[in-house]
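Morning, everyone. Let's get the structure up on the screen.

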Amino acid sequence: MRAVKILERILATIPIVFGVAIVVFFFIRLTPGDPVDIMMGQGGAISEGEIERLRQEFHLDEPLHVQLWLFLRDAVRGDLGYSYVLKRPVTTLIAERLPATIELALGALILSLVIALPIGIVSAVRQNSSLDRLSMAGAFLGISMPAFWLGIILILLFSVRLKLLPVQGRLSFDANLQEMTGFFVLDSLLTGNRVALLSSLKHLILPSITLGAPVAAVIARVLRSSMLETLRSDYVTLARSKGAPEWSVVMKHALRNALIPTVTVVGLQVGILLGGNMIVETVFSWPGLGSMVVSAIFDRDFPLIQGSVMIYAFTFVMANLIVDVLYTYLNPKISL
Amino acid sequence: MRQLPDLEIAPGALSPLARQQYLWRIRLGLIQRNSSEFLRELRKHPLALLSGVVIVVYILAAILAEQITAHDPGRGNLRLRLDPPAWQAEGSWEYPLGTDAQGRDLLTRIIYGARVSLAVGLLSVGVSVVIGLVLGALAGYFRGRLDSLVSRFADLLLAFPFLIFAIGVMAFLGPGFTNLILALTFKGWVEFYRLVRGEMLSEKTQEYVEAARVTGQSHSAIIVQEILPNIINSVFVLATLRIGYMIIMEASLSFLGLGIPPRIPAWGSMVSAGRDYMLVAWWVSTFPGLAIVILVLAINLFGEGLRDILDPRLKVDG
């Protein structure tokens, strides 16, 4: 039964995925002017024949629905077009940048969980204590702070003033890392390069905090409120009255059930991680997908922007799908 | 339950005009009572009250910018480039928060920047509320083809993370105030739509709606006069909380150079401009960002207070 439900949920994603592609297809048609002029950007001098060739290549001489069909067909084949600024296929460019972005997102997610889980639990157990108030104030600040400003303040504090952490990039120049997977932490572990490991971890800290702060804030708040709920429930009272030790009441009985709504929220935060990604990568000059898109915007490199926005949206849809499926395993009472 | 104060007893048969007058007297009485009760409740939420004051200060500063500050936000004095804030050794009270790289007074630009942030926040949420409310009410009340069509479209927009979508749209439309509002509302209405539609679906089955239908009221009267007053509080609370979010969105887009054109002072682009001088002038980026944090924090705290007062069902830790 569950397998059928999950399959249904997966099938329901397909029209969404196509819808996303269609919306992105119409993005470029929002721009006033001839797509060929736009795609060529300020490049200027190209001959009439070349324009005609481009027109054919992009199927701009075809009617709109044919263009849409060809666009979707290519996208399904993994062909997202060609960047005329960087002179390479969009898919290749994205694939090259993806490891850096994923590494940063994972860093942010891990960091926010490490911060938010203990805070959420302790705040609920010691409700209305000064610790609870302080952490909830911190959480409030976390959702009210623009990521770009937090990043700059962290740089001012830890890099400029205290000179503890690097300002930008992924690795210091002296770290001679032999790249294998593109995940620098993993690569330095695989090659046993201790200098590179330390350097890449150091470079990860500030961007991860910046990207993870709002996520940590939301997780801590949700975990706290669902912990408050479970701590008041009958089965917790029963466990207490049976004489179960307090830590087991909190960690086993209350926390396990409180984690169910928290997982959903963590899944939804993927949206924040993806959106914040462009900002944080720009602030820290992190060579990932986000900073590439931002420079593509200024180069008016539309195929690249189009392809990247599509990848972001797909990731988001997939993350939501995974969370929904995970949810059924955590809470068998709930069906999709 | 406090006892209901002296609302008049309903008169019998009346002329249509007298009936309307009677209804309006009751409505005004209720509004009066609700607002005085609201103010009484607000006093029990000191943080929300303080936040309300902060928001009013920002709004006044934005409106009265010309009167408050003597400096021109656009014209700088190149001899005074990157002057530090007043309390630092080389600072002067002429430029309390220091100057930027063009020698322009930072405080003046922050005050003028409040205009952009507040205008974008209020306008984008306002338009989103109107669209979401109308579509949500119609879809939730009548269901049918409109509902499935709009709901599908809303689901589709939800497949994009908000900032990514806004960046995508702005990348193609180009910077500018109107484009910004367009990009933000293009997705912003979805949340209001979902809220109103959901509430509509559940309110529709209530007895008072049934009763109104039996008395022969038209659909539009039932939606506007009977149901809307019951759900408008939730919409209002969500709208307040979304204003803070939209302000952060605007600032983020302006930071990337995709929001407001650089000649108009906006907090996001000011923070961005200050990045180049981070090593020598920390204040240029710090203060405009602080202005965002304080305003958004105030809006969020005020919104939470509003929620506790107006919509206790939604309270997080019951």
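How many residues does the contact take from chain A, and how many from chain B? Chain A gives 37 residues and chain B gives 35 residues. Keep in mind that this is a predicted model.

Stay on the side of chain A that touches chain B. The elements of chain A that give two or more residues there are helix 1 (2–30), helix 6 (130–144), helix 7 (147–161), helix 9 (194–231), helix 12 (270–283), helix 13 (289–298) and helix 14 (302–330). Now the classes on that side. We have 30 nonpolar residues and 7 polar ones. Charged residues: none.

Next, chain B. What is its secondary structure? Chain B has 11 helices and 0 strands. Along the sequence, the pattern reads α-α-α-α-α-α-α-α-α-α-α. Along the principal axes, the C-alpha atoms of chain B fill a box of roughly 80 × 45 × 40 Å.

On burial: chain B has 318 residues, and 40% of them count as buried. On contacts: take those in chain B with a separation of 6 or more. Residues 24 or more positions apart account for 69% of them.

Last topic, the core. The largest nonpolar core has 155 residues. Which of them touch the most other members? That would be B:Ala166 and B:Ile167. Look at B:Ile167, and leave aside its neighbours within four places in sequence.

Key. Residues are numbered from 1 along each chain as its sequence is written. Chains are lettered from A and ligands numbered from 1 in the order in which they are written. This is a predicted model: local features need pLDDT of at least 70, side-chain atom pairs count only at pLDDT 80 or more; totals for chains, interfaces and linings use all residues. Two residues are in contact if their C-beta atoms, placed from the backbone, lie within 7 Å. Helices (H or I, at least four residues) and strands (E, at least two) are DSSP runs, numbered from the N terminus. Ala, Val, Leu, Ile, Met, Phe, Trp, Tyr, Cys and Pro count as nonpolar, Asp, Glu, Lys and Arg as charged, and the others, Gly among them, as polar. A residue is buried if 20 or more other C-beta atoms lie within 10 Å of its own, exposed if 12 or fewer, and partly exposed in between; C-beta atoms are placed from the backbone. A nonpolar core is a set of buried Ala, Val, Leu, Ile, Met, Phe, Trp, Tyr and Cys residues joined through C-beta atoms within 7 Å.
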